[in-house]
Amino acid sequence: MDLTYSDADRAFREKARGWLSTNVPTTPRPAHGAAAAQFDRDWQRKQYEHGWAGVAWPKDFGGLGLSGLQQVIWYEELARARAPHYINTTYIALMHAGPTLIARGTDEQKAFHLPKILSGEALWCQGFSEPNAGSDLASLKTRGVVDGDAIAVTGSKMWTTDAVYADYQELLIRTDPGSERHKGLTWLIADMKTPGIEVKPIRTMLMDEHVNLVFYDEARFPVSNVVGQINKGWSTALSTLSFERGLGFIGDQLDLYERVCRAIDLAGKVRLENGQRAIEDAGIAQKLAGLKADALAIRAMTLAHITESDRTGEPGPKGSLMKLTVTATHKALSETVGDMLGWDFLEFDGDRASHPWTYDYLWSWVFSISGGTSEIQREITADRLLDLPRAR
Amino acid sequence: MFLAPDGDEIEIIDAAAGFLADVMPISRLHESGSADMNGTLRRQMGEMGWFALALEENKGGSGLTAVEHALFFREIGRLCGSLDVLSQALAVHVADGDLRARLISGDVGVALAVRDGGEFRLLGAPGAALALEVNETGAWLRDVSALAAETRSSLDPATSMRVSTAMPDAVLGQVDGPEVMQLARLGSAAMLIGLAEAALDLIVDYAKVRETFGRKIGAYQAVRHACADMALRAEAARCQLWFSAAAIKEGRGDAAIHLDAAKHLANQAAIANADANIQLHGGIGVTDEHDAHLLLKHAWFLAKVFGTKRALLGRLLDARVED
C-alpha cells in the first residue's frame, strides 16, 4: 500500500499543468446546440495539435498510452484548470467508439476513423438504447437485413445524445431475424448522412434537446462497416461498455472534490433568508463537510480501482459502486447548494454557464439514469460483487 | 501508488485473522462476563506481539507502520473485538521502561479514559490499574488503582463501562503531540470498517439460504439493493482508510485531513450497516442469541471515541488536501 507517485508521474503532472495553464479556452462552453459542438471540436483539435489527445488510447493508435494513474492525473489537472472536460459531444467518439475500434475494428476501419476522432474532425453518437430497450438492452428490435454487400436497417433508437451533430453512430442492431436476447446482434458503423436516417430531438427537463430519437427506414450501410462479426455484436458491445465502466466517469469523479470546495467558498458569501451567511448554518456546514468526505472517498476509490486495474490489465467489478456513489454525491451537493442559494436557485434559462448549480441539479437525473440506472448498478453489484441469488 | 493490501501486508491480515478467530471469536460475547479482554487473552495477544506492531523496534515493538496497525484493527473489528485491545496498543507508545515492557507483554491491562463533561468514562479493562487518556494535543497514562469508579451498565456487551468524577494528577507516562490520537483514530476507524464488513457478510450469507414466499431472500431486489448500498458504504470507507493509513506512513502533510474523513465515513458505514443487517434479517435479527445486535452496539461505542461527527466535520469544512 503506498501513495507515492513515480518521477515519471510527477513530471507528467507538471507538464500537463503547464500546458493547461496557457491553453484552456478562455470563453465558457456554449450551453447548447451547434455552437457547443463546434466548441468541443475546437478544444479537441487544440489538444490534438499539441499532443494531448487520446489520453486513454494506446500509443500505436495515436493516443498517449497513459497508465490509469496518469489518466487520473490528467483529469485532476483538467479540473484544477477548470478546463472543459465534462461529458460533451466528443465523449462517445473518444470513450466508446475509438476504444471499440481499437479492440475489434479492421485495419481499414482504424486507419480511417481513429485520426478523425482524435483530431475532433468526427463526432460520434451511440445507437444502443431503443424506446423499449434501455436498461434491458438485449431486448432491442431494430433490424438489419444483409443484402449483398450492404445491410439495410429499419427501426428506431432513443436517448441518442447529440445525434444532430454526430458524423457517425455506433449502431447495435438485430441481424438474425429469429434471434433472441444477446444473440443475433451486429455492431455497425453508421454514417449519419446516410439516406433513410431521420433525427428527431427530444426536449428534456434541462430545457435542451441533447437527446434524440433516430429513425431508420431501410437505411443502407456497407457490410465492411461491421465491427467484429455479423450476429456476434453483443461481444463487440461488451468491449464498448467495459471500457466505460472502467474510466467513463473519471472526470466527474475527480471534479467532485473541487466542486465541493467551490460550494463551501460560495457558502461563505451567500446569505440565507435569516441574514446568516450559509456557512454559519450548522446544518449546511455539516452537509458540505460530509460531502467533502464523500468526495475524498470517491478519489480514494478511484485511485484504488485504477491502480488495481493497471496491475491486472482489466477493469474490476467495482465500477458500479463507483457510479452509484458519484451520482448520489453529485445530487446531494446540488440539493445542498439549492438550499443555500434560495430564490436564485430557481432562476433557470437552460444555460449551464449562467446557472451552473441549477443545471447540475437537473443533470443529476441524466447522470443516475444514463449508462445504467442506479437500480441496475445495484443489481450488477448484487450479482457480480456479492454473488447473491439472481433476481431475474 | 497502490491502495490495497499487498505482499507482506496480506500475510499480516491472514496471521491476525487466523489467530483472532481462535482467541476472540464473536461467539464469546454470548457468554456472561465476556466483555473486554481477560488477563489470559491479553497475555496471549502480548506474546504474539500484537500490541506493539507500530512501535519502534528499539522500544520492543515490531517497527511496522500505520498501515499494519490499520490492517490488524480491521480484523479486530470484524470480530467485534474489545476496545481495550486498542487502548493497550496505544499505551505502549505512552509508557517507558519496565511499564512499557509489561504493557507490550499484556502483563498489565489499561482502560480508556474519556472525558464526559466533568466526569470520566472508563471503558474496558475493569480490573486494570492503568487508564489512558488521549486527545488532539497528547496522551497520558495514569495509575487509577486508588480511584473510586462506579460501574455502569453498558449497552455494549463487548465493552464494560465505569464512571469516575476525578482523575489522578500523577502521570506514569505522557506523549505531547497528535501522534497517539492519530493511531487511535486510525485504529478505531479500522475497527468500524471491519465491523461494517462483518455486517455485510452476515446478511449476504443469510440472504443466500433464507427463503420466504418460496424464494431466497437474496433474490428480492428490496434485499439485494440494500446489500449493494452496504457494500458501497464499506468500500468507500475502506478505500479512504487505506488512503489515510498510507498518508500517515509516508508523512504527508494532509494525512490528518484524510484520517478525519476516514473516521467520519467509518462511523457512518458501521452504524448504517449494522442497522441494515438487523432489519434485513427480520425477527431473528433482534434476538439476543444472534450476533447482529452485538455489531450495532459496539459500533456506537467505537463511533463515540477518537473522533465524533461534529468535531470531524468541523475540521473538514475548511481543510484542503494535496495532490
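In helix H6 of chain B, Ser188(B), Met191(B), Leu192(B), Leu195(B), Ala198(B), Ala199(B) and Leu202(B) are in contact with Ala292(B), Leu295(B), His298(B), Ala299(B), Leu302(B) and Ala303(B) of H9(B), a contact being C-beta atoms, placed from the backbone, within 7 Å. Helices (H or I, at least four residues) and strands (E, at least two) are DSSP runs numbered from the N terminus. This is a predicted model, in which local features need pLDDT of at least 70 and side-chain atom pairs pLDDT 80 or more, while totals for chains, interfaces and linings use all residues. Residues are numbered from 1 along each chain as its sequence is written, and chains are lettered from A and ligands numbered from 1 in the order in which they are written.

H6(B) and H9(B), the latter spanning residues 292-304, pack at about 160 degrees with axes 10 Å apart; axes are lines fitted to C-alpha atoms over the stretch in contact, and angles run from 0 to 180 degrees between N-to-C directions. The two helices are therefore roughly antiparallel, the term for angles over 145 degrees.

The table gives residue classes for two contacts. Ala, Val, Leu, Ile, Met, Phe, Trp, Tyr, Cys and Pro count as nonpolar, Asp, Glu, Lys and Arg as charged, and the others, Gly among them, as polar.

| Contact | Nonpolar | Polar | Charged |
|---|---|---|---|
| H6(B) with H9(B) | 11 residues | 2 residues | no residues |

The contact between the chains takes 42 residues from chain B and 38 residues from chain A. On the chain B side, H7(B) gives the most, with 17 residues.

How values were computed. Contact = placed C-beta atoms within 7 Å. Parallel < 35°, antiparallel > 145°, perpendicular 65-115°, else oblique.
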